[in-house]
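This report walks through one protein fold. Start with the sequence and the model below, then follow the sections in order.

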Amino acid sequence: QKNNNEQEKEIPILCCQPCSPDNDATTTSNNDLIVQHASAIVALHPDEATESIVDVCVQYRKPFVIVPCCVFSRLFPNRLKPFKGSTTTSTKREYVTTYTDFIDYLCAKHSSIQKTQLLNFDGANLALWSTFPPATTSPTIITNTTT
């Protein structure tokens with residue numbers, strides 16, 4: 001039991017509103033403020049929002065941990081596999097279609113993004129994270145391109 005002198009402390013839990021073309025500038029502005037003032041971003045199987053979460057964390061250099069799940073290659077047909085030191089002479093890039101492709105694609109968005117060992121549960125169980133080193137230059141966000 002609490003005595004009369006004790007007061008309950010309320011801890012604010014802030015949640016972003018769903019992103020959609022129908023959202024107005026106020027919703028977008030509120031979401032930006034929430035992200036800017038957050039200590040870190042945590043996302044477990046965020047479905048279609050996975051890439052956007054990583055992009056926002058890179059943009060604001062916000063520490064994050066994310067457990068990506070589905071690739072949604074039909075919803076995001078312009079995702080291209082990152083260039084790797086290929087010995088072939090072909091310049092044709094391939095589309096992201098598998099879970100492994102998606103993990104590599106997300107990791108290529110910033111050099112500080114790390115992969116964990118497999119987490120102790122079934123299903124998509126690989127976490128990506130970054131605490132971002134101190135900034136020396138402006139961050140660059142890699143966006144979908146069809147080149």
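## Terms and model

Two strands pair if DSSP finds at least two bridges between them. Helices (H or I, at least four residues) and strands (E, at least two) are DSSP runs, numbered from the N terminus. With those terms, leucine 44 has valine 67 of β2 as its bridge partner.

This is a predicted model, in which local features need pLDDT of at least 70, side-chain atom pairs count only at pLDDT 80 or more, and totals for chains, interfaces and linings use all residues. Residues are numbered from 1 along each chain as its sequence is written, and side-chain values use heavy atoms, with hydrogens and water left out.

## Overall layout

The protein chain holds three helices and four strands. From the N terminus, the order of elements is α-β-α-β-α-β-β.

Of the 147 residues, 29% count as buried. Buried means under 20% relative accessible area, exposed means over 50%, and partly exposed lies in between (1.4 Å probe, protein chains only). Contact means heavy atoms within 4.5 Å. Among contacts with a separation of 6 or more, 53% join residues 24 or more positions apart.

## The sheet

The four strands form an open sheet with mixed pairing, in the order β1-β2-β4-β3. Its edge strands are β1 (41-44) and β3 (114-118), and each pairs on one side only. From one strand to the next, the twist averages 20°. Axes are lines fitted to C-alpha atoms, for helices over the stretch in contact, and angles run from 0 to 180 degrees between N-to-C directions.

Strands of a sheet pair through backbone hydrogen bonds, either parallel or antiparallel. β1 and β2 (residues 64-67) pair in the parallel sense over four bridges. Alanine 43 stands opposite isoleucine 66 in β2. β2 and β4 pair in the antiparallel sense over three bridges, and phenylalanine 64 has serine 130 of β4 as its bridge partner. β3 and β4 also pair in the antiparallel sense over three bridges.

## Burial along the strands

Side chains alternate along β1. β4 is mostly covered, with four of its five residues buried.

## Helices on the sheet

β1 and β2 pair in the parallel sense. Helix α2 (residues 50-60) packs on the sheet and touches both strands; its direction makes about 165° with that of β2. Helix α3 (residues 99-107) packs on the sheet too, touching β3 and β4 (126-130), and its direction makes about 5° with that of β4.

Seven of the nine residues of α3 are buried, so this helix is largely enclosed by the rest of the structure. The buried residues are Asp101, Phe102, Ile103, Asp104, Tyr105, Leu106 and Cys107. They pack against α2, β3 and β4.

## Where the helices meet

Two packed helices are described by the angle between their axes and the distance between the axes. For α2 and α3, the angle is about 20° and the axes are 10 Å apart. The two helices are therefore roughly parallel to each other. Angles under 35 degrees count as roughly parallel, over 145 as roughly antiparallel, 65 to 115 as roughly perpendicular and the rest as oblique.

α2 passes α3 in a right-handed crossing. The contact is made by Thr50, Glu51 and Val54 of α2 and Phe102, Tyr105 and Leu106 of α3. A crossing is right-handed if the near helix is turned clockwise from the far one by less than a right angle, and left-handed if anticlockwise.

Histidine 45 lies in the loop between β1 and α2. Its phi is near 50°, a positive value in a residue other than glycine. Histidine 45 is partly exposed, at 29% relative accessible area. Aspartate 47 lies in the loop between β1 and α2 as well. Phi of aspartate 47 is near 55°, again positive in a residue other than glycine. Aspartate 47 is partly exposed, at 33% relative accessibility.

Is serine 112 buried or exposed? Serine 112 is buried, with a relative accessible area of 12%. This residue sits in the loop between α3 and β3. Its side chain makes a polar contact with the side chain of serine 130 (2.5 Å). A polar contact is a pair of N or O atoms within 3.5 Å; within protein, one must be able to donate a hydrogen and the other to accept it, and residues adjacent in sequence count only if both atoms are side-chain atoms. Leaving aside neighbours within four places in sequence, serine 112 is in contact with Trp129, Ser130, Phe132 and Pro133.
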